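Here's a quick tour of a protein model, written for someone just starting out. Have the structure open while you read, and find each spot as it comes up.

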Amino acid sequence: GSLEEDRALLRANVLMARGKYAEAIKVLDALAKGPNASSYVRYNLGVALVRSGDLTRGTTLLDEVGKLPATSEEYRSLRDKANVALGFASLQEGRGAQARTYLERVRLSGMFSNKALLGFGWAAAAQGRMNVALVPWSELAARDASDAAVLEAKLAVPYALAELGAEAQALSLFEDAIGVFDHETANLDESVAAIRDGKLLDG
């Protein structure tokens with residue numbers, strides 16, 4: 001009984017992973033009507049609604065989670081995750097200004113900060129403000145390159161510079177990015193080889 005919500009959440013996530021958003025919404029709606037429905041239920045229901053095309057209701061739910069007064073790291077991370085989801089949904093709808101509002105709520109040091117910085121830059125770029133986009137992208141590009149958002153920023157920074165007319169600087173940074181991508185490709189190849197040889201389990 002105490003694990004029923006966890007079971008239903010897992011079922012809903014499996015349904016969403018299979019693209020069955022209407023079925024996932026039914027499962028999550030039933031949970032959300034309960035007296036003690038958690039923030040995770042509302043977050044997942046919001047995501048399912050957005051992906052199914054019901055942006056109004058989905059955005060409202062995610063916005064509620066994104067404004068929650070969080071008392072623990074777990075719920076602060078969930079709040080950040082909701083705001084990142086709202087930001088990228090707004091970007092896909094072409095609403096750059098609204099995306100920036102959501103992404104500004106995300107902590108700069110949390111586990112979703114890289115995606116938020118990336119999205120914040122794209123939101124500024126969508127408004128034609130490349131000089132503003134450079135600020136979050138430059139911060140992001142200096143972080144650990146094993147993160148996909150950081151790798152994208154390695155390309156986004158020179159792209160923005162090229163748009164601003166700084167071709168020489170852009171070319172130099174594009175060349176640097178090629179080196180970083182080559183290095184990460186080599187790391188991935190090493191990891192694949194280690195997995196196939198069974199060394200990952202030994203480690």
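Let's start with a term: a residue is buried if its relative accessible area is under 20%, exposed if over 50%, and partly exposed in between. Tyr 75 has 30% relative accessibility, so it counts as partly exposed. Keep in mind that this is a predicted model.

**The nonpolar cores**

- The largest nonpolar core has 25 residues, and Leu 28, Tyr 43, Leu 45 and Leu 62 touch the most other members.
- The top contributor is α3, with seven residues.
- Take a look around Leu 28: setting aside neighbours within four places in sequence, Leu 28 is in contact with Leu 9, Ala 12, Val 41, Asn 44, Leu 45 and Ala 48.
- There's also a second, separate core of 19 residues, including Leu 134, Ala 156, Leu 161 and Ala 170.

**Helix α8**

- Helix α8 covers residues 130–141, which makes 12 residues.
- From first C-alpha to last, α8 reaches 15 Å, close to the expected 16 Å.
- Its buried residues are Met 130, Val 132, Ala 133, Leu 134, Pro 136, Trp 137, Leu 140 and Ala 141.
- What covers them? Among the elements doing so are α6 (96–103), α7 (113–126) and α9 (148–163).

**Aromatic rings**

- A pair of rings is described by the distance of the centres and the angle of the planes.
- The count of aromatic pairs comes to three.
- One of them is Tyr 40 with Tyr 75, a tilted pair at 5.9 Å centre to centre with 50 degrees between the planes.
- That pair links distant parts of the chain, since Tyr 40 sits in helix α3 and Tyr 75 in helix α5, 35 residues apart.
- Tyr 40 is partly exposed because its relative accessibility is 26%.
- Why is the pair of Trp 122 and Trp 137 edge-to-face? Their planes are at 70 degrees, and over 60 counts as edge-to-face; the ring centres are 4.7 Å apart.
- Trp 122 lies in helix α7 and Trp 137 in helix α8, so this pair ties together parts 15 residues apart in sequence.
- Trp 122 is partly exposed at 28% relative accessible area, whereas Trp 137 is buried at 0%.
- Ring pairs join Trp 122, Trp 137 and Tyr 159 into a cluster.

**A charge over a ring**

- Lys 115 lies over the face of Phe 88, 5.3 Å from the ring centre.

How values were computed:
Residues numbered from 1 in each chain as written. Predicted model: local features only at pLDDT ≥ 70, side-chain atom pairs only at ≥ 80, totals over all residues. Heavy atoms only, no water. Helix = DSSP H or I, 4+ residues; strand = E, 2+ residues; numbered from the N terminus. Expected span 1.5 Å × (residues − 1). Buried < 20%, exposed > 50% of the residue type's maximum accessible area, 1.4 Å probe, protein only. Contact = heavy atoms within 4.5 Å. Core = buried A, V, L, I, M, F, W, Y, C linked by side-chain atoms within 4.5 Å. Phe/Tyr/Trp six-rings, centres within 6.5 Å; stacked < 30°, edge-to-face > 60°. Lys NZ or Arg CZ within 6 Å of the ring centre and 35° of its normal.
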